Amino acid sequence: MSPAPLRVLVTGAAGQICYSLVYQIASGSVFGKDQPLELVLLDIPMMSAALDGVVMELVDCALPLLHKVIPVTDEKEAFKDVDYAFLVGAMPRREGMERKDLLAANVKIFKSQGRALAEGAKSTTKVIVVGNPANTNAYICAKYAAPKISPRNISAMTRLDHNRATAQIAAKAGVTIDDVKNVIIWGNHSGTQFPDVKHAKVNKGGSATDAYAAVGDEAWLKGEFISVVQKRGAVIIAARKLSSAMSAAKAACDHIHDWHFGTPKDTWVSMAVPSDGSYGIPEGIMFSFPVTIDAATKDWKIVQGLSIDEFAQGKLNATLQELQEERDEALRACEESNI
Ligand code: NAX
């Protein structure tokens, strides 16, 4: 007998990331090939015709695991009884828009969605926030979803950055993706993030080596590598005239797949989660850390005891400062908005 369907919400469902994302979820890449699903697709009323188009295509894919697909434009209805939520929809940055205005617009969305989560979702719901500014949106969402939904169930996506870092190391070391593990993205999903490979391992020539030894170019690792990962999103926008969508969708799938099934032995992944004070990051800040996930409890743990040298500490301080500033600005916007 197959298990009961999982109810999975995807917001921003008429947008470009979701065009790749919903197929991957519905075809079994995230929750497994035996797990039936009910997909709830939320977008704003203005996008309702485009949303219907996405639904028609999903139906036409004739996917055995997809038991139901439910398009909605009402937030309360969307969050009801969900097991997992991919919060992709957000207010995009428009030309001439200041960071402050972008934050304020998104605070409204994630305050309201946090409340809708608390009101309607299962208490065990797991949430990934993809919409930017992802860490701060997740922070606000967690604040308004608590106490019914534990902040531990709400995360922001830095897996795309993690995947980008892994791919860069694999290419430089002349190995394939599976030969690289345990890169780390610390901090914010932004230009201040710190892609760190000090503790990463590369399988080269049949044995596991430190990434620094496998790459053999410290100047590149401390310079170009970091800036390539930090700026990859902007470079893709310049090339495609659209932001990363296929790779972002794949990363969101990886993030929830590992939360659902757990991380393999001796392997960690990067996820922005509310800090528990580890590595001197103040409690509650939505900060990307290396985490392991236990398959049975679906609970994450921040990897402890990694050495942080002076170079790394400087990078951690910079991304923390940015996150604290964003958080303070978002909290101010929260107080001012009366939704
Ligand atoms: P699109 O503009 O193509 O799609 C966004 C969709 O969200 C639109 O259909 C819009 O109508 C909808 N939306 C807006 N407000 C909503 C609300 N309140 N409720 C439900 N839906 C709403 O953007 P897309 O390229 O899909 O990117 C989505 C978000 O992901 C953006 O904020 C983007 O910046 C962010 N990204 C985050 C990444 C990460 O690594 N965390 C990487 C990729 C991406 O840049």
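**Before starting.** I am working from a predicted model.

**Entry 1: the second largest pocket.** Next I asked which residues lie nearest the centre of the second largest pocket. They are Arg159, Asn163, Thr166, Ile177 and Asp254, out of a lining of 30 residues. I then went through the elements that give two or more residues to this lining: helix H6 (159-173), strand E7 (180-181), helix H9 (224-240) and helix H10 (246-261). H6 gives the most, with eight residues. By residue class, I noted twelve nonpolar, ten polar and eight charged in the lining.

**Entry 2: H4 against H11.** Helix H4 (residues 99-120) packs on helix H11 (residues 310-336) at an angle of about 65°, and their axes are 9 Å apart. I noted the crossing of H4 and H11 as right-handed. On the H4 side, I listed Arg99, Lys100, Leu103, Ala104, Val107 and Lys111 in the contact. H11 brings Glu322, Glu326, Glu329, Ala330, Ala333 and Cys334 to meet them. The contact residues split into six nonpolar and six charged, with no polar ones.

**Entry 3: the annotated residues.** In the UniProt record, an unreviewed entry, the "binding site" annotation covers Arg93, Arg99, Asn132 and Arg164. I checked how they are spread: over 72 residues of sequence, and up to 25.1 Å in space between C-alpha atoms. Arg164 from this set is in the lining of the second largest pocket, which takes me back to Entry 1.

Definitions and conventions:
Residues numbered from 1 in each chain as written. Predicted model: local features only at pLDDT ≥ 70, side-chain atom pairs only at ≥ 80, totals over all residues. Heavy atoms only, no water. 1 Å grid on protein atoms, 1.4 Å probe; cavity = no way out; pocket = protein on both sides within 12 Å on 5 of 7 lines; lining within 4 Å. Helix = DSSP H or I, 4+ residues; strand = E, 2+ residues; numbered from the N terminus. Nonpolar A, V, L, I, M, F, W, Y, C, P; charged D, E, K, R; others polar. Axes fitted to C-alpha atoms, helices over the stretch in contact; angles between N-to-C directions. Left-handed = near helix turned anticlockwise from the far one by under 90°. Contact = heavy atoms within 4.5 Å. UniProt positions renumbered as here; feature names shortened; annotations may be inferred.
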